[in-house]
Amino acid sequence: MLDSLTQSLGKALDRFKRAGRLTEADVQEGLREVRRALLEADVHFQVAREFCDQVGKRLLGEERLRGVEGSQQVIHAFHQELVALMGSELPALPKDPRHPMVLLLAGLNGAGKTTTAAKLALWLRQRQNRKVLLAACDLVRPAAVDQLRKLGAELGVEVYAEDPAPDLRPEEVAARALEQARRGRFDAVVVDSAGRQTVDEDLMAEIERVEAAARPDATYLVLDSMTGQDAVESARAFGERLDLYGVILTKIDGDARGGAALSVRRITGRPLCFLGTGERPGDLEEFQAERLASRILDMGDVVGLVEAAQEAVEEERAAEDYMRMMEGRLTMEDLLAQFRMLKKMGSLKKVFGMLPGAGRMSGLLEQVDDRQLARIEAMVLSMTPAERLHPEILNGSRRKRIARGSGVQVSEVNRLLQSFHQLQKQMKSMGRMLKGGKSKKRLLRQLERSGQLPMMPPGGRPRGFRR
Amino acid sequence: MVLSRLRAGLQRTRNRISHALRRLGGDTSLEEALEALEEILYTADVGLLAGEILDELQGEVRRGAIARADELGPWLRERLLRELQDPGPEPLRLQPSGPTVILVVGVNGSGKTTSVARLVAWLQGRGLKVLLGAADTFRAAAVEQLGIWAERLGVDLVTGPHQGDPAAVAHDAAEAALARGADVLVVDTAGRLHTQKNLMEELAKVARVLDRKIPGAPHETLLVLDATTGQNAVQQARRFAEKVPVDGIFLAKLDGTAKGGAVFAVQRELGLPVKFVGLGEGLEDLEVFDPGEFTDALLGPRPAAETA
Ligand SMILES: Nc1nc2c(ncn2[C@@H]2O[C@H](COP(=O)(O)OP(=O)(O)OP(=O)(O)O)[C@@H](O)[C@H]2O)c(=O)[nH]1
Ligand SMILES: Nc1nc2c(ncn2[C@@H]2O[C@H](COP(=O)(O)OP(=O)(O)O)[C@@H](O)[C@H]2O)c(=O)[nH]1
Ligand SMILES: [Mg+2]
Ligand SMILES: [Mg+2]
């Protein structure tokens, strides 16, 4: 989705790059082009203006970094502003939900609410082992109830639905769905709602009533990534009527430039939580601002470089993960994170390369290709949180269940556990070697010098696995 | 019903123009006025064409052709109108004999099925016998959705198995249209992103099959664009037009806060005119595109922005 924004921004940024030292005129001229690129990418008019003002301030004002070259300075400024624009301090799912947890989806017509409801149901079942109930509260669109019923049947997720009748109100359906969820010991309810336009007062009042009846732990605004300037207008209007938790951006598998993603956060103050990446129920991703910002700027290296010259907040966190791992307290999530990172930058290989007798281990890690990674992910996702934290509890029957859940042979689960134990041993001995009574700070510096940090993606492991 | 809705829309429009003009009128400087217009155009999704038009406008100001802020609005309206093609009262070319085939395409959720239904209502209003083809075999309950509309409209619907070949449905529908002597066959298709190669090929095949059954079909291919779509609309139109012979745009969801300004670029870059607009979720919520009304609405008030 973001390739073209990357390209057009890239062109605008080239101007900065050529400039070396930045004069005020360079900055003004460059920013004009950046603004054009942003508008072309559907960034909201006001947001584009503000954004360029902010970047300008960073480049010309006191906040500028000393000793950093012009082009890096610009990219850094952009990166910071992009992350600030999209940054999410909230987890994608509400942190301390009631039981059962209730999620409500709202949005314009055709945004992708119903599909996303099914996706969330699958997500909650797969990753949080929740028993999920889908509630069909779109009584407007013909066959909307049918659509949800079919999606539920396909996934084996129960759907609470009533056949639409002229006097049936969606808030009543929502209330009865909740009742059913309590009675049936469900752990989560995902409520689908009708699409609406924000100028339709009747329908806006209706969704307010649905929210009041469902009392959701999180109300998400579902937003089509192809939306233009209206994204902000609609998001604001929904935000005025509903207690929005965050935004789910759909259809990012297309080639829209995603300016809506940049704008909605700034205007509504609500973060992006999930991304819809296709029509199928599995096509849902958790949103990560940092990653998206880097992708937009498409220059991970430079960003990393400039970042390294900065405070070590994130390094601290990564270092803590290291410390834990090197004490041998490794979890399945660490393993998965390592596999993922490895695919990206081969960092672990470097670590192991330094150690005597590590050849076999890095060989093992080297074999991981995309398909295997997907299988490993599936296996880890089929584990309960407790199993991920304490893989030693994985007895025969648990292994069988995991194999079934992830569609692999038990032998493959065994192999995964083997690599896990190997890695755990390696980390432990590496920890001993490196540490030798050194303080955490010194270990950190040592790792830094050897070019190992940051090994974790900034911000640590993929968030979904923390909980 | 339609009229009252349209009037409500137009009322908003007038307010916005007068509001804009108030902002522009009297003691407003040209500078400020130009800035206000810039914002109106960009926030209506007119895109980079806005920059071009504003440059022209500035040129007019510089050479003294425009001296007062309140002259800017009318100039802009005329200038925008020059970009749009008027489809006239008969936007569809109906075949003199044999069924006219209308194929409706577009990205996911743009409003295709609803637009198919209201096109049928519009055609029925002209005394034509219509048949429907449900070639969305993919989305859950897509056939049921169209089936409900068909029942309300009292027209026959040709369907195929779920997950089946949409071209087969198109084939059967064309055959049925010939056999039953329908004047018009309207074929609904599954939403697809224009970036999905296989699905775009699938669509091309639907058009080919129709042509094989009824030479010259589809006679009208309408691309349904969501009025909230931003600059991606051009890309959508380009890719769809590469695969099927798109004749025009059905601009849906114009009843919301979105202004649909992306159609300027679609018209300019691809020569595709807007033929119909959708103004709600009902059968009656269809209008033949009127460039004047559309432009007025575009320059009209944006309720949310004013309270912000
Ligand atoms: N307000 C409003 N809603 C519309 C309009 N046209 C369609 N809709 C709504 O938009 C949503 C999607 O419409 P559909 O007609 O199912 O769209 P589609 O393109 O067939 O969708 P898919 O087949 O799922 O890709 C539904 O909730 C419709 O009721 C319109 O002009 N105005
Ligand atoms: N390509 C793609 N299509 C999507 C995505 N999410 C939803 N859709 C499609 O968009 C259309 C409208 O979705 P639906 O869930 O019915 O929207 P609703 O009207 O908001 O409930 C359907 O054709 C879906 O298959 C996505 O992330 N990517
Ligand atoms: Mg729906
Ligand atoms: Mg449809």
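Which residues come nearest to ligand 2? In this predicted model, the answer is A:Gly112, A:Thr114, A:Gly276, B:Asn108 and B:Gly109, out of 22 residues around the ligand.

**Ligand 2**
- Sorted by class, the shell around ligand 2 comes out as 14 polar, six charged and two nonpolar residues.

**Ligand 1**
- Ligand 1 is surrounded by 28 residues, and the closest are A:Asn109, B:Gly111, B:Thr114, B:Gly191 and B:Gly278.
- Here it's helix H5 of chain B, residues 112–125, that supplies the largest share of the shell, at three residues.
- The class breakdown for the shell around ligand 1 is 15 polar, eight charged and five nonpolar residues.

**Chain A overall**
- Chain A has 467 residues, and 46% of them are buried.
- Its secondary structure amounts to 21 helices and eight strands.
- Take the contacts in chain A between residues at least 6 apart in sequence: 75% of them join residues at least 24 apart.

Notes
Residues numbered from 1 in each chain as written. Chains lettered and ligands numbered in written order. Predicted model: local features only at pLDDT ≥ 70, side-chain atom pairs only at ≥ 80, totals over all residues. Near = placed C-beta within 6 Å. Nonpolar A, V, L, I, M, F, W, Y, C, P; charged D, E, K, R; others polar. Helix = DSSP H or I, 4+ residues; strand = E, 2+ residues; numbered from the N terminus. Buried ≥ 20, exposed ≤ 12 C-beta atoms within 10 Å, placed from the backbone. Contact = placed C-beta atoms within 7 Å.
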